[in-house]
Amino acid sequence: MSPAAMVVFVGAGPGAADLLTLRAMDRLKWADVVVHDRLVPAGILALLPPSAEQICIDRTDLTDIDPGRSTGDLLVQLASAGRHVVRLKGGDPTIFARLAEELEPVRAAGIAVEVVPGITAALAAAAAAGIPLTSRDAASSLSLVTGHEARGKGEPCDLSGLAAVPGTIAVYMGVEQIASWSRRLMEAGRPEDTPVTLVSRCSWPDQRMATTTLGECARDSGREAWQSPAVLLVGGTVAPTADGPLAGRLVIVTRPLGQEGELAALVRAAGGACLHVPVLRIASLDDHGPLEEAIARLDSYDWIVFASGNGVRGFLDRLRLAGRDGRAMGSARLAAIGPATRRTLEDAGYTCDLVPGEFRSEGLVEAFAELPRGGRFLLIRADRGRDVLRRSLEAAGHVVDEVAAYRSLAIEQLDAGTQGVLAVADVPWVTVTSGAVAESVIRLFGPWIRGWRIASLSPVTSAALRRFGLEPTVEASEATAAGLITAILGHERLPLPLPAGSG
């Protein structure tokens, strides 16, 4: 057995990649092979190193399929081969995740084990609904129970004792057996009017929430077709009615996975519901040759200009892979197309020398207009987009190298869950943040989008929408997330006190 053999059990949390812990992120980067549950979403799997092998356990444990082989046996086999093994489980590995069954063979084989906790469904659901799980007045305890018992276990969980405790009961995997456990709780003494808050697919793009009662939850479940994974919070505090200027309104955010955070946060800060439906995905280049050639001569440039935060990340990743750092840039100055790109540079430890007053290529053209001829520029961008800046700089007598640092790929089709939500949802607003996004939303959303209000990030985005026959309802006066939300609220004639630093 290799002395370095190790299996790390990692909690993936409820679903959203930005709810992973820092330690979970670190262990995922460390992994040579990741054994994951089917319900771990693609957004988290996208964070894995490209070299990491992914093995999906479609059922919770291999013994459900092959009685002679368990998931624990598979982990032992992988670790014994000297590989860094991560067992990635939804939620928290220690809560209703069959951890003991997988730990036993690993420990018996003398393999080191680490368990990295994750945000479990009850905590995530309560946070999403904005309700406390405990309170001094109404809920002095919290009980976690499963609504779906293991096959062959025998008698179901005895709920009579829990029914008498003045606390909140979080029912995991409770939708399929909702009629059974809700009836048993009422028979044990819980009143029919006990509040029940359901959060389905918490933090996923098609997250749904509903408030009902213990007496009505089974009927409501059948009528509303609540989807798993779901958790039901029985008792405690009723979810408050949403308030804020966007209360009762749904806003679709279409930015790529991992880049929706600021815009989604502003929607929620205004009381609205956010449905994240990425219509593009960011991918690495097939050919890094031109970028690597530019990096090899970085100190020859006067300006390095970044057209997006993705460009910053792609460039810096390649810089590190080349074994170089900021010193390779020599005296080159750095420019960013807007504040979000500037923040990406600054978060990586670099000083941004210029952000134009107008956050688009035309703004950079104006900012560089007074420079003497003969400057050397490196433009970092996506594999597709407008070439306004390059043409303008070359016309002004400058030498320009323009290279891609990443690819922007269209999502080919919506998943079935998202399609189902959009087919029945009342969608007041959809946000469109670039020409490429405009093209994708029209293809993916089809006739739906013609009945929605469209919030456009910039004149360039609006022009792209018009080329496809759509007129934006509003256009942001400043091409930022805050500008986009302000435009929506201006149309609704509602003010929004934006959080400090938004933009």
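R223 is exposed, with a relative accessible area of 54%, where exposed means over 50%, buried under 20% and partly exposed in between (1.4 Å probe, protein chains only). Its side chain meets that of D220 in a salt bridge (2.7 Å, N to O), the term denoting a side-chain nitrogen of Lys or Arg within 4 Å of a carboxyl oxygen of Asp or Glu. D220, by contrast, is buried, at a relative accessible area of 9%. Both residues belong to helix α8 (residues 217–224) and lie three residues apart, about one turn of the helix; helices (H or I, at least four residues) and strands (E, at least two) are DSSP runs, numbered from the N terminus.

The model is predicted: local features need pLDDT of at least 70 and side-chain atom pairs count only at pLDDT 80 or more, whereas totals for chains, interfaces and linings use all residues. Residues are numbered from 1 along each chain as its sequence is written, and side-chain values use heavy atoms, with hydrogens and water left out. The mean pLDDT of the chain is 88, and 91% of its residues reach 70 or more, pLDDT being the predictor's confidence in each residue, from 0 to 100. Over residues 496–503 the pLDDT is below 50, and this stretch has 18 contacts in the model beyond near neighbours in sequence (contact: heavy atoms within 4.5 Å). Where pLDDT is low, the predicted coordinates should not be read in detail.

The structure holds 30 salt bridges. One of these joins the side chains of R407 and D286 (3.5 Å, N to O). This pair links distant parts of the chain, 121 residues apart, with R407 in strand β17 (residues 399–410) and D286 in the loop between β13 (280–283) and α10 (289–296). R407 is partly exposed, with a relative accessible area of 21%, while D286 is exposed, at 69%. Salt bridges that share partners also join R381, D387, R390, R391, E394 and E402 into one network.

Helix α16 (residues 435–445) is mostly covered, with eight of its 11 residues buried; among them are V437, V441, I442, L444 and F445. Just after α16, G446 takes a positive phi of about 55°.

The count of disulfides is zero, a disulfide being a pair of cysteine sulfur atoms within 2.5 Å. For C202, the nearest cysteine sulfur, that of C274, is 13 Å away. C202 is buried, with a relative accessible area of 11%, whereas C56 is partly exposed, at 41%.
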